[in-house]
Amino acid sequence: MKKIHTFFNTRLGFTALLVLFMWFKTVFVYYTDFSLGIENPLQHIILILNPIATTIILLSLPLFINRAVISYIISGLVYIVETGFLYANVLYYRQFNDFISYSTIAGSTKVAKGLSGSVNTLLHPTDIIIFLDFIIILGLFAFKIIKINPAPLRKLTASAVLVFGIFFLFFNLTLAESNRPQLLGRGFDRNYVVKYLGLNSFLAYDSVKTIQNNQTRSEAVGTDMDEVLDYVSDRYAAPNSEYFGVAKQKNIIIIHLESFQQQLIGAKVNGHEVTPFLNSIYNDKNTLSFDNFYNQVGEGRTADAENLLETSTFGQNGGSSLFVRLGGDNTFQAAPAILAQEQGYTSAVFHGNTPGFWGRDKVYPNLGYNYFFSQNYYDASEKNSLTQYGLKDKLLFAESAKYLEQMQQPFYTKFITVSNHTDYQLDSANTDQDVIPNTSSSTVNRYFGTANYLDSSVKEFFDYLKASGIYDNSIIMLYGDHYGLNSADNSVFAKQLGYVNSDKDGADFINSQGQKVPLMFHMPDLKGGIKHTYGGEVDVLPTLLHLAGINTKGYVQLGTDLLSKDHNQIVAFRKGSFVTPKYTVIKKGDSHEVFKNDTGEEIDLSLNPDLKEKISKWQKQVDALLDVSDNITNKNLLRFYTPNGFTPVDPSLNVYNDQIQRLISTRDNLGDKSTSVYSKNGNKSTTDLYKTDAPELNGDRTDIDSWDNILNK
């Protein structure tokens, strides 16, 4: 015991103590917070060993410092940073089911904003274990059980520690390669890299890959586009003649239903419909509704959904969104530009958050949006807004009417709601307690309340569209951008809705079902109905353009028209899992978990060799789709290809300054030819037709009723 005490009172011993503590809490996190898919005893051994090497390497560096006090301080700082990185991964994994990458750090401001509103729900009581060692270490110093040893440490000893860490890293890699050959070369999923090599190694590996990707982008040439064009041509699905052009020259209004899962449609709490208005639209004879439609987002979530919708390509494979990483520089063939050039549409986004969130102020000009009405154009005072996410939905729609009525028709507009954003915090004045259940998850309980508020907000907007006449000349698309609940909460959610009897029943399958989101196209006299076609967000753009009478042949779009008989019904997810009309297939490295869609029953592939072969074939198709998408976006390949009749967007023409004056000058310059709702109404505002019960207004509609007030601000 005395020898141990003496050893820990040396600089080498103190370093060993820090390595021991870091190793313990990292392994603790591996087994309690991460789902790494341990399959055999060797993987357990590798998992237990993998934190050691990089921790030794990092903590060996301060040993080269001659001054003892400085050495101890630097060791402590390294240890604090390592602990912070570990815990940041814990929180990030709980929210996104992924690990912090180079791109995540590069977009850390956006990620932090995305996490901040829900951080309280991500904290667990067991988290104290991650920080308990700090109390222990401080106590050891306070009671002088450990003292700073002023004795110099030989450089040879410090070098030996560093070399041992490097040796152990190669030993770790050798073990990993023996169990999973070509672990790094073949680019297995992130879980595999963390499982075999640890968080530090994953970050280093991901950083190298990202830098390589940047280099690849700079070296891309025009001929790289040939393979993409062949792929898109082979995948093209011709439009359905019954629906092609039914919405030609109609206003297109997209309502982005934040975090809205398909299971909310028709859901009831104590006999009360949670979303009665959306239920009515979903089942309306003039609505095309899809009940097997999936979100396909990655960690960029809302931004990824926008990218899928606007460009029919996927977001980034992990880390930050495409919008943040590449959106300000990439060339796009996006919905606003296509509609403007093909049919003279004016375009705008209405979103009550800061313009720079997810880099929208840089991306939207590249997509071709003429206007972006961000938080700067609304009364986004504290009482009107949700922390971090922006204006409450009722106020967003109500205040947007004064801008919408000034836009030249036909217009393509997108309204991004936020009130149903995790972690579903809404004041009691806006919450209907009749639709709040009493489940074991407070998150799930609140989710019902905010979904109900969103539903009421959309109803008020629809009422205005009808009263103002906009409705009669518009097709309205409503879609859920991404899942709302994590895996654990999805199980509670499913139990509340009566899908399962226990919070633990069929968790993997229930979570996959939670990826379903609603998709609706609503228009007067549209031949509607609930379609059971399987599809995803990448399919929205070709479907929408075909409804508008624009043939997508010649454009680079990876989705296919949901209404086409040639539509491909294999729905790919960003991490390589996929769904077919019969099966849900969850990719687990080189293996798969397979469930029947109709029953949720898991299938043992070892007993079904024919199905296993089919899944292997489908997986190749999914991987090819994702690879093509990544090549397009990471290499910015669209700069090398312009469809006939299309002009690449000049983002400098879409600057979001003086937007109100631009609306007015455009209207005035057109005179009698102005097609704005304001002009068609005899140069009178229609905003007095907007009826809202938003409690924040207290019956005072001055700010949203008078266009003249806007001009005088």
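A search of the whole structure turns up four cavities of 30 Å³ or more. A cavity is a set of points, on a 1 Å grid over the protein atoms alone, where a 1.4 Å probe fits but cannot get out. The model is predicted: local features need pLDDT of at least 70, side-chain atom pairs count only at pLDDT 80 or more, and totals for chains, interfaces and linings use all residues. Residues are numbered from 1 along each chain as its sequence is written, and side-chain values use heavy atoms, with hydrogens and water left out.

**Second largest cavity**

- Its volume is about 100 Å³, a volume being the space filled by probe spheres set on grid points joined across faces, edges and corners.
- Lining residues, which have an atom within 4 Å of a point, include Met22, Tyr30, Pro51, Glu82, Phe85 and Asn200.
- α2 (11–32), α3, α4 (68–96) and α11 (199–219) each give at least two residues to this lining. Helices (H or I, at least four residues) and strands (E, at least two) are DSSP runs, numbered from the N terminus.
- By class, the lining has six nonpolar, five polar and one charged residue. Ala, Val, Leu, Ile, Met, Phe, Trp, Tyr, Cys and Pro count as nonpolar, Asp, Glu, Lys and Arg as charged, and the others, Gly among them, as polar.

**Second largest pocket**

- The second largest pocket has a volume of about 370 Å³. A pocket is an open set with protein on both sides within 12 Å along at least five of seven lines.
- It is lined by 19 residues, and the closest to its centre are Gln263, Leu497, Tyr499, Gln513 and Lys516.
- α20 (487–496) and α21 (507–513) each supply at least two lining residues. The largest share, three residues, comes from α21.
- The pocket lining splits into eight nonpolar, eight polar and three charged residues.

**Helix pair α3 and α9**

- The axes of α3 (residues 41–60) and α9 (residues 155–179) come within 8 Å and cross at roughly 155°. Axes are lines fitted to C-alpha atoms, for helices over the stretch in contact, and angles run from 0 to 180 degrees between N-to-C directions.
- The two helices are therefore roughly antiparallel. Angles over 145 degrees count as roughly antiparallel, under 35 as roughly parallel, 65 to 115 as roughly perpendicular and the rest as oblique.
- The contact of α3 with α9 has 16 nonpolar, eight polar and no charged residues.

**Cis peptide bonds**

- The bond from glutamine 409 to proline 410 is cis, with omega near 0°. Proline 410 sits in the loop between α18 (393–404) and β9 (411–416).
- The bond from threonine 422 to aspartate 423 is also cis, with omega near 10°. Aspartate 423 is in the loop between β9 and α19 (442–468).

**Positive phi and buried loop residues**

- Tryptophan 358 has a positive phi near 60° and is not a glycine. Its loop runs between β5 (346–350) and α17 (360–367).
- Tryptophan 358 is buried, at 10% relative accessible area. Buried means under 20%, exposed over 50%, and partly exposed in between (1.4 Å probe, protein chains only).
- Asparagine 636, not a glycine, has a positive phi of about 50°. It lies in the loop between α23 (609–634) and α24 (659–670). At 6% relative accessibility, asparagine 636 is buried.
- Alanine 548, in the loop between α22 (540–547) and β13 (571–572), is buried with a relative accessible area of 1%.
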